[in-house]
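Okay, thanks for coming, everyone.

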Amino acid sequence: MLGKENMEKLAGARVAVFGIGGVGGHTVEALARSGVGTLDLIDNDKVCLSNLNRQIIATQQTIGEYKVEAAKKRILSINPNVVVHTWKTFFMPDTASMFDFSQYDYVADAIDTVTGKIELAVQAQKSGTPIISSMGAGNKLNPAAFEVADIYQTSVCPLARVMRRELKKRGIEKLKAVYSREIPITPDGEDNDSDSENAGSRRQVPGSNAFVPAVAGLIMAGEMIRDLCSIT
């Protein structure tokens with residue numbers, strides 16, 4: 001479909017995916033299956049039981065493994081020629097200096113924290129590196145509600161609203177985003193944190209499922225492949 005020239009572009013591309021969870025895990029796998037030659041995976045979390053309902057890297061066999069290592073093994077089982085760099089770290093302003101954004105052909109932001117997402121946008125702008133950012137996928141049930149737009153053209157999504165405000169303060173004029181206009185639902189919460197000693201004292205954990213984060217991640221990967229191949 002893409003042709004030899006574009007496949008060569010993808011093979012020579014280096015892409016960083018920040019956050020290897022429900023969204024980022026699907027993004028990583030789609031990039032690997034599409035022929036991207038070098039992938040940097042950044043996440044400090046480990047696979048746990050609660051990830052099984054939505055994260056493509058989460059199986060009974062990978063529980064307890066670092067997500068980046070589980071993803072690396074999966075990628076190499078698909079294409080052993082992919083070069084995979086793993087970073088067991090949470091990306092935040094205090095860890096941003098660990099990364100040279102100028103070496104990346106594209107950056108995927110699939111992390112949850114607003115502070116980290118803002119810093120990714122700042123660093124990408126400084127280096128002139130293309131970036132795509134995933135907005136909120138939690139507490140949503142309609143995978144068909146996702147859209148791709150500049151962050152300043154988004155609406156409804158609470159996370160996108162915060163990002164618009166904070167990016168404007170920092171003089172960042174654009175950010176490609178995947179977001180949903182679906183109004184988040186309120187999870188039942190009956191079993192929320194029921195196995196924790198701190199149940200009742202923590203904030204409610206967002207609900208999720210197998211299909212909404214997956215679609216967001218695949219949309220991100222599709223946009224990146226098209227951009228890397230200059231397909232409009």
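So, Ala 32: buried or exposed? In this predicted model, Ala 32 has a relative accessible area of 3%. The cut-off for buried is under 20%, so Ala 32 counts as buried. You'll find Ala 32 in helix α2. Apart from neighbours within four places in sequence, Ala 32 is in contact with Leu 39 and Ile 75. There's also Leu 10 to look at: Leu 10 and Ala 32 sit 22 residues apart in sequence, and their C-alphas are 9.7 Å apart in space.

Leu 39 and Ile 75 come up again in the next bit. The largest nonpolar core has 37 residues, and the ones touching the most other members are Val 15, Ile 20, Leu 31, Leu 39, Leu 41 and Ile 75. Which elements give two or more residues to this core? They are β1 (14-18), α2 (22-34), β2 (38-42), α3 (67-78), β4 (106-109) and α6 (212-228). α6 provides the largest share, with 7 residues. As a general point, nonpolar side chains in soluble globular proteins tend to be buried together.

Let's zoom in on Ile 20. Leaving out neighbours within four places in sequence, its contacts include Val 28, Leu 41, Ile 57, Val 68 and Ala 71. Lys 67, Asp 43 and Gln 55 are also among the contacts of Ile 20.

There's a second, separate core too, with 28 residues, including Phe 91, Ala 121, Leu 159 and Ala 160.

Now over to Asn 6, in helix α1 (residues 4-11). Asn 6 has 12% relative accessibility, so Asn 6 counts as buried as well. Beyond neighbours within four places in sequence, Asn 6 is in contact with Cys 229 and Ile 231.

Last thing, confidence. The mean pLDDT of the chain is 93, and 93% of its residues reach 70 or more. Then there's the stretch at residues 192-201, where the pLDDT is below 50. In the model, that stretch has 6 contacts beyond near neighbours in sequence.

Okay, that's me done.

Methods
Residues are numbered from 1 along each chain as its sequence is written. This is a predicted model: local features need pLDDT of at least 70, side-chain atom pairs count only at pLDDT 80 or more; totals for chains, interfaces and linings use all residues. Side-chain values use heavy atoms; hydrogens and water are left out. pLDDT is the predictor's confidence in each residue, from 0 to 100. Contact means heavy atoms within 4.5 Å. A nonpolar core is a set of buried Ala, Val, Leu, Ile, Met, Phe, Trp, Tyr and Cys residues joined through side-chain atoms within 4.5 Å. Buried means under 20% relative accessible area, exposed over 50%, partly exposed in between (1.4 Å probe, protein chains only). Helices (H or I, at least four residues) and strands (E, at least two) are DSSP runs, numbered from the N terminus.
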